[in-house]
Amino acid sequence: MELEMVFLYLSAALAVGIPALATAWAQSRIGPAAAAALAEKPELTVTVVLLIAIPETLAILGFVIAVLILMQGGG
Amino acid sequence: MSRIRMLGPKEQLQSCLGCVQDVGLIQLIEPAETESLRPLGLTIEQAHHLRSVRNVVEDVDTALELLGVTPDPPKGAEALPLTKAALIAGRSRRQLEALAEQRRGLEEERALILKFRPFFSAFRKIGDSGLDLHGVRVFYLVLREDGEQELRRMRAALRQALGDGFELLSQPSDSGESAMLLAVPTADAAKAEKLLSEAGVQSLSLPGQFEEEGVSATIRRMQTRLGELPQALAALERERTRIARERGRELAWIQASVRDHLATVEAMEKAVVTPRAFVLEGWVPKAVQPDLERRLGLCCGPGFEIETVSSEEWSGDTVPVVLRNPRLFRPFEAITRMMPLPKYGTVDPTPFVGIFFPMFFGIVLGDIGYGTMLAAVSLVLRIRSQANTTLRSVSEIGLACSLFAVIFGFLYGELFGDLGHRLGLHPLIFNREEAFFPFLGLAIALGLVHIVVGLLVGAVKMFRGDKRRAIGKGMAAVMVVLIALALMAAFELLPERFFTPLVITTLIALPVLIIGEGVLAPIEFVSTLGNVLSYARIMAVGTASVMMAVVANRMVGAFGSVVVGILFALVFHLINFVLGVFSPTIHVLRLHYVEFFGKFYSPGGAQYRPFRHWSVRESASDERSE
């Protein structure tokens with residue numbers, strides 16, 4: 001039973017952790033490019049904010065899945 | 001929009017352009033040339049005059065920018081003659097540029113001395129050690145930690161490059177780094193410089209006036225100078241303020257009148273003429289056209305005529321766009337304007353944004369306490385902002401969002417997180433700390449409604465043109481609803497017997513979708529379903545926000561002292577409030593721009609820019625012309 005809980009929590013952690021790392025990697029690539037673009041064209045602010053927010057979908061969906069795992073597993 | 005053509009006697013062109021500028025409602029465009037209609041063109045004198053006007057504009061713009069203020073021009077003042085305006089603008093620009101140059105020099109000098117300051121005492125000790133500095137070049141160096149080892153290495157490298165012809169003295173500074181003085185014969189200075197650069201040793205350069213002096217004298221002078229510089233800078237600032245006070249409004253008036261004049265001269269280039277008459281064309285909002293015709297007729301006098309150009313002569317792509325919305329939704333035009341404007345004749349999404357944006361925001365933040373704080377901040381912004389500015393729009397959007405945040409705060413029973421529960425506030429729909437599934441369901445359901453509305457708006461818009469694609473788009477909306485109902489039946493939220501009929505209906509609808517929108521439609525449809533799932537972020541960001549607030553409340557009991565706990569909790573709530581405003585804004589904006597607008601929005605409209613007076617450009621930039 002205890003081992004099951006370990007796997008449950010581990011799965012939930014991985015479900016949110018891996019997408020969060022992927023988001024971080026994507027944003028680390030978008031960020032500098034966005035800063036460079038903004039230096040030349042400040043009017044791109046909205047587009048840049050959106051571009052930075054787009055990879056966050058991964059982390060958010062990961063979070064939702066983690067919650068589902070925890071709720072389904074009774075954690 | 002109406003396209004109008006104005007005709008009149010050629011000699012009245014300039015006065016009529018003045019009238020058009022006074023009315024300020026027509027966006028002038030260049031009419032098509034024909035054999036009998038030629039561009040007016042400028043004579044050599046006029047071209048020279050245009051250059052002079054542009055020079056004055058440049059001078060006055062630069063002067064006002066350097067003044068750092070934008071005073072209101074005096075009302076009803078007479079326009080200055082161009083020569084006098086040029087004189088005042090040119091003189092002010094030169095004077096302010098000189099002041100700015102002096103200020104820059106003083107600030108650079110202060111920054112250089114400040115770099116030396118931590119090493120003053122160390123360098124003074126070196127300087128007092130009787131070093132003969134005549135005929136040598138002195139380098140002031142700074143070594144970070146572990147100076148001893150670095151010093152030995154550098155001494156060895158210098159000996160190898162320069163023999164014994166150098167002197168290297170060092171002293172630890174107050175900041176823990178080592179200050180070093182390297183003296184080499186002037187002839188060897190280049191070699192030493194190269195060596196220092198290769199070793200990555202930081203060299204402090206002396207301000208020009210301190211070179212050629214002994215170390216102690218230099219440090220003394222630097223200290224004195226550091227005391228003098230603030231007064232010198234303050235004197236420059238006083239001078240700038242004096243100029244702003246004495247000449248600011250005059251310069252603002254020159255800027256307004258000269259820019260108006262420049263706009264009129266440039267507008268003349270848009271006129272086409274026959275030997276006796278001129279023709280001007282432009283766009284004007286339909287609603288104001290009758291009033292505009294009356295006013296221009298009165299102003300331009302006899303011989304002036306206006307006619308409406310038939311819509312068959314122009315295409316929608318060239319028409320400028322004015323967003324026209326009821327007062328309630330008008331602030332939300334700021335959100336639409338952050339994207340390229342919609343094309344003329346397509347749907348303005350502002351009313352939808354006005355409904356869904358604050359609602360989604362409220363569902364995410366959903367806290368009476370944070371909502372009230374946001375309302376207070378928005379109210380202050382609204383009081384401090386001027387009408388028809390972006391800041392005013394932002395403040396009004398903030399008020400709408402705060403209203404929804406408070407409403408959903410009551411529904412969730414949240415006041416600064418779970419503090420509401422402790423004070424006896426009960427959730428009316430669900431408790432977000434525990435009810436993840438209901439919250440997720442609400443988020444997805446909202447996404448479903450939002451996307452279906454987007455698809456239906458797209459279908460209705462398309463129905464006037466491409467009926468087949470419109471039916472395809474409408475069918476996509478129907479299929480999204482069918483799939484949602486089928487899923488509800490599968491999860492027994494609807495009677496189970498509905499499941500099979502719903503699935504069969506969806507399968508029947510699929511070919512209609514493909515016929516309407518093409519073979520790629522199923523792929524796009526899957527992406528639409530993905531768009532619906534994206535609304536799960538409403539739940540995710542909302543849950544994160546409430547959990548942060550709960551953690552903040554628990555801080556009160558987590559520290560030994562209640563006072564310290566409360567202080568930490570307040571700081572944490574403040575941080576959560578900032579995040580709680582920023583994060584939903586970004587995500588809800590994204591849901592609108594990416595998921596919702598993607599279903600019907602046609603960007604590419606050109607901003608409506610009427611030919612009007614320079615002084616009204618700011619306040620009128622957001623003006624509704626209808």
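Predicted model: local features only at pLDDT ≥ 70, side-chain atom pairs only at ≥ 80, totals over all residues.
**View 1. Strand β1 of chain B with its two partners, β9(B) and β10(B).**
Start with β1(B), which covers residues 2-9.

**View 2. Helices α16 and α17 of chain B, packed against each other.**
What angle do α16(B) and α17(B) make? It's about 110°, and the axes are 9 Å apart. Angles from 65 to 115 degrees count as roughly perpendicular, so that's how these two helices are placed relative to each other. α16(B) spans residues 499-517 and α17(B) spans 521-534. On the α16(B) side, the contact uses B:L513, B:I514 and B:E517; on the α17(B) side, B:A521, B:P522, B:E524 and B:F525. Sorted by class, the contact residues come out as 5 nonpolar and 2 charged, with no polar ones.

**View 3. Helices α18 and α19 of chain B, side by side in a roughly antiparallel pair.**
α18(B) (residues 536-558) and α19(B) (residues 562-596) pack at about 170°, with 7 Å between their axes. Among the contact residues from α18(B) are B:V541, B:M548, B:A552 and B:M555, while α19(B) brings in residues including B:I566, B:F568, B:F572 and B:H587. The contact divides into 14 nonpolar, 9 polar and 1 charged residues.

**View 4. Where domain 3 of chain B touches domain 4 of chain B.**
The domain assignment builds domain 3 from two segments, 323-429 and 538-599, and gives domain 4 as 435-534. Taken over C-alpha atoms, the two domain centres are 29 Å apart. Domain 3 puts 13 residues into the contact and domain 4 puts in 15. On the domain 3 side, α10 (350-365), α18 and α19 of chain B each supply at least two residues. Which of them gives the most? That's α18(B), with 4 residues. By class, this side of domain 3 has 8 nonpolar, 3 polar and 2 charged residues.

How values were computed:
Residues numbered from 1 in each chain as written. Chains lettered and ligands numbered in written order. Pairing = 2+ DSSP bridges. Axes fitted to C-alpha atoms, helices over the stretch in contact; angles between N-to-C directions. Parallel < 35°, antiparallel > 145°, perpendicular 65-115°, else oblique. Contact = placed C-beta atoms within 7 Å. Nonpolar A, V, L, I, M, F, W, Y, C, P; charged D, E, K, R; others polar. Domains from an automatic or database assignment.
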